[in-house]
Amino acid sequence: MSASKGLHPEAAIGPIAVPAATPAWRRGLYLLVGIAVALAPLVLLESFHLFQLTMAVIMALAVLGLNIVCGYNGQISLGHGAFFAVGAYATAILMSHFDWSFWATLPVSAVVCGVIGYGIGFPALRLAGHYLALTTFSLAVAVPQILKHKSIEDWTGGVQGLFLVKPDPPAGLPLSPDQWMYVVTLIVAGACFLLAWNLIRSRIGRALIATRDNPTAAEAMGMDIASLKTRAFAVSAMITGIAGSLSAVAIEFVAPDSFSIFVSITLFVGMVVGGVASILGSLFGGLFVLFVPNIAEAISKAAPGVIYGVILILFLFLLPDGFAGLLRRIGQRLRIRP
Amino acid sequence: MDGLAHQIVAGIATGGIYASVALAIVMIYQATHHVNFAQGEMATLSTFIAWSMIQAGMPYWVAFFGTIVVSFAIGVVVERILIRPVANAPVLTMVGVFIGLLLIIGNATGWIFGYTTKVFPSPFASDKPLFGGLVSAHELGSTLVTLTVLVLVWAFFRFTRLGLAMRAAAYNPRSARLVGIRVGWMLALGWGLAAAIGAVAGMMVAPVVFLDPTMMLGILLYAFAGALMGGIDNPAGAVLGGFSVGVLENLAGAYVVGTELKLTVALAIIIGVLVVRPSGLFGRVVLSRV
């Protein structure tokens, strides 16, 4: 039994140490400091760096989606770029063909991605481990071809893609479109992170983790594994899809070739480096996948890929719980609860 | 009718390539139950090595066998350095290591050799079509090479002591170790062999699809489809699956979906096989007791 690794019988039935709840005033303080830190770039950064930070938050959101199904539920997906693409295209099509406002496209994009994710969750039930990785990998490889296909060219714009514009800042706010885009991204991503945080700390979240760690025991305790797994896929696809929608308006352009297999691989690398099964880790992952390639690109066009690969393997060998795990361990060393 | 016959023959020729890569995947899967996502990238690197040997003035067949030796060594080194330390790690870690390998080898190939498409020579170059235009010299030659490789691999596993030891190490590592087989080295040899087979496939397909660092991505997908179709734990099945996928892909490309959706055909085959018959056409049904 590999599932009971190192767990001493008494440890399982012994009293569980319940951490003392953080006092309300301190939580409020954390929240205020958090919001201040998140909004500070609005005044500190000029437009290009603000755009990059926006993209980093968007990537963090996409990594969060992957983390829910992959980190917390243990279903390995190498194809989350596909959901990212569907979300981006849903928003782009609605905005450029039907003149919808960006906000109105978000629920549609979320529903579409959720439904597709739910649909893919079904074959995924019969596939575990490598097979699922392989199937989602091939999905990600096929996506650009499907997007380019002639039969949907009227909608997707074919190889040329679609152009769209950023939402205008509301009248009265002294913000440029770039600054407003950053605020929009913060609001949407913040809502999704909160949602994911609550989901993971709820009964369903514990059930997802139990399903990952020991499906047999989880089923014996009365959890409906099939429904948990497909729903995890749906929620995960939804969040990654919303990130795709945000990226479409932030870049103001979608095209098939920007959704190659490397989007999916990037999300996977972000998840591993940030921290598998860690919400905070997703944030680090987003920052990593956006800023490290920029630094590496200064060396050579191929360098980001090589450096990505090296860092990925180094993390898997030396820090399997990622950057978030490293922080957690440092925190424990210092006797501070992270 | 001539068109159909030609499509089938061309399908068999590309199917041979898929069959080789599928065989490489199955060899690693059999020994370790891991699917090597970097198999295609390794084959591309090998093909680039062959290309630079030929550019340096070596005769084709010297470069051909030289590349096989070098690729074998690369495969062994990769297994020793990267795969062995995580042999007992969770699946997520393994998949991560393979993806890392894919990124490193794929991008290093582009870094070293550049991203421009290169022409790779065929040893069977002759302009006149054979058998009344049914098959080109390269198609015939590459099919023969692939078949030779497959027969050699089969004979190696069937008739040599080393092949027997490798099969034993894959089938039952603990007992194999007890009778004195060095299981770790057998796995490394398996990796080397898989890399060498992949190299042959790369050199055979490069004259057709032209040589560039992403050359093998689609081929890897078809090889996956072939391996799954034949049963991922059955080498003979995988070879047959590879050939069938080649023919299917060509026919679907010519008559059903057009060339733009060929990769989607591979995706459809993969999902179809996994959902309808996960063990493939010839695979063993594995029941795990809980």
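This is a predicted model: local features need pLDDT of at least 70, side-chain atom pairs count only at pLDDT 80 or more; totals for chains, interfaces and linings use all residues.

Biologist: At roughly what angle do the axes of α2(B) and α9(B) cross?
Modeller: Helix α2 of chain B covers residues 39-55, and its axis comes within 8 Å of that of α9(B). The crossing is right-handed. Angles of 65 to 115 degrees would be roughly perpendicular and those over 145 roughly antiparallel, and this pair counts as oblique. The angle is roughly 135°.

Biologist: Which residues of α9(B) meet α2(B)?
Modeller: By class, the contact has five nonpolar, three polar and one charged residues. From α2(B) come Q39(B), G40(B), E41(B), A43(B) and T44(B). Their partners in α9(B) are M216(B), L217(B), I219(B) and L220(B).

Biologist: Are α10(B) and α11(B) parallel or oblique to each other?
Modeller: Their axes come within 10 Å and cross at roughly 130°. The contact is made by V245(B), E249(B), A252(B) and G253(B) of α10(B) with K262(B), V265(B) and I269(B) of α11(B). By class that is four nonpolar, one polar and two charged residues. With that angle, the two helices are therefore oblique.

Biologist: Which helix supplies the largest share of the side of chain B that touches chain A?
Modeller: The contact takes 37 residues from chain B and 36 from chain A. On the chain B side, α4, α9 and α11 each supply at least two residues. By class, that side has 28 nonpolar, eight polar and one charged residues. The largest share, 16 residues, comes from α4(B).

Biologist: Which residues does V97(B) touch, leaving out those up to four places away in sequence?
Modeller: V97(B) sits in helix α4 of chain B. It counts as buried because it has 23 C-beta neighbours inside 10 Å, and the cut-off is 20 or more. Its contacts are L82(B), I83(B) and V86(B) in chain B, plus I313(A) and L316(A) in chain A.

Biologist: What do the buried residues of α14(A) pack against?
Modeller: The buried residues of α14(A) include P304(A), V306(A), Y308(A), I313(A), F315(A) and L316(A). Within chain A they pack against α12, α13 and α15. From chain B, the partners are α3 and α4.

Biologist: How far apart are the end C-alpha atoms of α14(A)?
Modeller: Helix α14 of chain A has 16 residues, 303-318. At 1.5 Å a residue, it should span 22 Å. The model agrees, with the ends 22 Å apart.

Biologist: Is D99(A) buried or exposed?
Modeller: D99(A) is in the loop between α4 and α5 of chain A. Its phi is near 55°, a positive value in a residue other than glycine. Most residues other than glycine have a negative phi. With 7 C-beta neighbours inside 10 Å, D99(A) counts as exposed.

Biologist: And is A277(A) buried or exposed?
Modeller: A277(A) is found in the loop between α12 and α13 of chain A. Its phi is also positive, near 55°. Since A277(A) has 23 C-beta neighbours inside 10 Å, it counts as buried.

Biologist: Which residues does A165(B) touch, not counting those up to four places away in sequence?
Modeller: A165(B) is in helix α6 of chain B, residues 161-171. It has 19 other C-beta atoms within 10 Å, so it is partly exposed. The C-alpha atoms of A165(B) and V151(B), 14 residues apart along the chain, are separated by 19 Å. The residues that A165(B) touches are I181(B) and M186(B).

Definitions and conventions:
Residues are numbered from 1 along each chain as its sequence is written. Chains are lettered from A and ligands numbered from 1 in the order in which they are written. Axes are lines fitted to C-alpha atoms, for helices over the stretch in contact, and angles run from 0 to 180 degrees between N-to-C directions. Helices (H or I, at least four residues) and strands (E, at least two) are DSSP runs, numbered from the N terminus. Angles under 35 degrees count as roughly parallel, over 145 as roughly antiparallel, 65 to 115 as roughly perpendicular and the rest as oblique. Two residues are in contact if their C-beta atoms, placed from the backbone, lie within 7 Å. Ala, Val, Leu, Ile, Met, Phe, Trp, Tyr, Cys and Pro count as nonpolar, Asp, Glu, Lys and Arg as charged, and the others, Gly among them, as polar. The expected span of a helix is 1.5 Å times one less than its number of residues. A residue is buried if 20 or more other C-beta atoms lie within 10 Å of its own, exposed if 12 or fewer, and partly exposed in between; C-beta atoms are placed from the backbone. A crossing is left-handed if the near helix is turned anticlockwise from the far one by less than a right angle, and right-handed if clockwise.
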